[in-house]
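This report walks through one protein model, from its overall build to single residues. Keep the structure open while reading.

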Amino acid sequence: MDLPSAVNAYFKVDKGQDGDAMAQVFSTNAVVKDERSVHAGIEAIRAWWLAAKAKYHHVAEPIEMTRIGNRVSVRAEVSGRFPNSPAMLEFVFTLGSNKVTELEIR
């Protein structure tokens with residue numbers, strides 16, 4: 001699967017524990033929507049991701065991708081320490097200037 005570079009970077013970094021590397025994937029004013037919460041800005045996104053890693057110890061493996069313009073939707077199998085693991089989730093990225101400007105996880 002030929003993921004755009006910012007999306008590929010997200011899934012690559014997500015396999016580790018480096019919050020600073022994850023923050024670099026996002027634009028300065030990026031927004032993440034996950035579990036009915038909104039996380040705006042690099043520091044909030046970094047904190048969200050580190051908290052999720054600590055809680056779930058999750059790993060996401062992309063399965064398929066669709067792209068329309070600057071929006072990329074990736075279905076991924078997510079496994080970790082949570083009920084019904086693994087689960088199929090949709091990661092909807094909005095891209096700008098080779099960075100993620102918005103991510104919604106459904």
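## Overall build

With 106 residues, a compact globule would have a radius of gyration near 13 Å, and the protein, at 13 Å, agrees with that. The model is predicted. Along the principal axes, its C-alpha atoms fill a box of roughly 35 × 30 × 25 Å.

Burial comes next. Of the 106 residues, 39% count as buried. Contacts can also be sorted by distance along the chain. Among those with a separation of 6 or more, 43% join residues 24 or more positions apart.

## Order of elements

The protein has 3 helices and 6 strands. Read from the N terminus, they run α-α-β-β-α-β-β-β-β.

The bond from serine 85 to proline 86 is cis, with omega near 0°. Proline 86 sits in the loop between β4 and β5.

## Nonpolar core

The largest nonpolar core holds 25 residues. Tyr10, Phe11, Phe26, Phe91, Phe93 and Leu103 touch the most other members. Two or more residues each come from α1, α2 (19–25), β1 (26–34), α3, β4 (71–79), β5 and β6 (99–105). The largest share of this core is that of α1, with 5 residues.

Which residues does phenylalanine 11 contact, leaving aside its neighbours within four places in sequence? Phenylalanine 11 is in contact with Leu3, Ala60, Pro62, Val74, Ala76, Phe91 and Phe93. Two of these partners, Phe91 and Phe93, are also among the core residues that touch the most other members.

## Largest pocket

By type, the lining divides into 11 nonpolar, 1 polar and 4 charged residues.

Three elements each supply at least two lining residues: α1 (5–14), α3 (42–56) and β5 (87–96). Which element gives the most to the lining? The answer is α3, with 4 residues.

## Positive phi

Two residues other than glycine have positive phi. One is glutamate 35, at about 50°. Glutamate 35 lies in the loop between β1 and β2 (37–40). Is glutamate 35 buried or exposed? Glutamate 35 counts as exposed because its relative accessibility is 53%, and the cut-off for exposed is over 50%.

Histidine 57 is placed in the loop between α3 and β3 (59–68). With a relative accessible area of 39%, histidine 57 is partly exposed, since that class lies between 20% and 50%.

Threonine 94 belongs to strand β5. Its relative accessible area is 14%, so threonine 94 is buried; the cut-off is under 20%. Not counting residues up to four places away in sequence, threonine 94 touches Asn70, Arg71, Lys99, Val100, Thr101 and Glu102. Isoleucine 68 is 26 residues from threonine 94 along the chain, and their C-alpha atoms are 9.9 Å apart.

Threonine 66 is found in strand β3. Beyond its neighbours within four places in sequence, threonine 66 is in contact with Arg71, Val72 and Ser73. Arg71 is therefore a contact of threonine 94 and of threonine 66 under the 4.5 Å cut-off. How far is the C-alpha atom of threonine 66 from that of lysine 15? The separation is 22 Å, for two residues 51 apart along the chain.

Aspartate 2 lies in the segment before α1. Its relative accessible area is 69%, so aspartate 2 is exposed. Aspartate 2 and glutamate 64 are 62 residues apart along the chain, yet 9.8 Å separates their C-alpha atoms.

Terms used:
Residues numbered from 1 in each chain as written. Predicted model: local features only at pLDDT ≥ 70, side-chain atom pairs only at ≥ 80, totals over all residues. Heavy atoms only, no water. Nonpolar A, V, L, I, M, F, W, Y, C, P; charged D, E, K, R; others polar. Core = buried A, V, L, I, M, F, W, Y, C linked by side-chain atoms within 4.5 Å. Buried < 20%, exposed > 50% of the residue type's maximum accessible area, 1.4 Å probe, protein only. Rg over C-alpha atoms; globule rule 2.2 N^0.38 Å.
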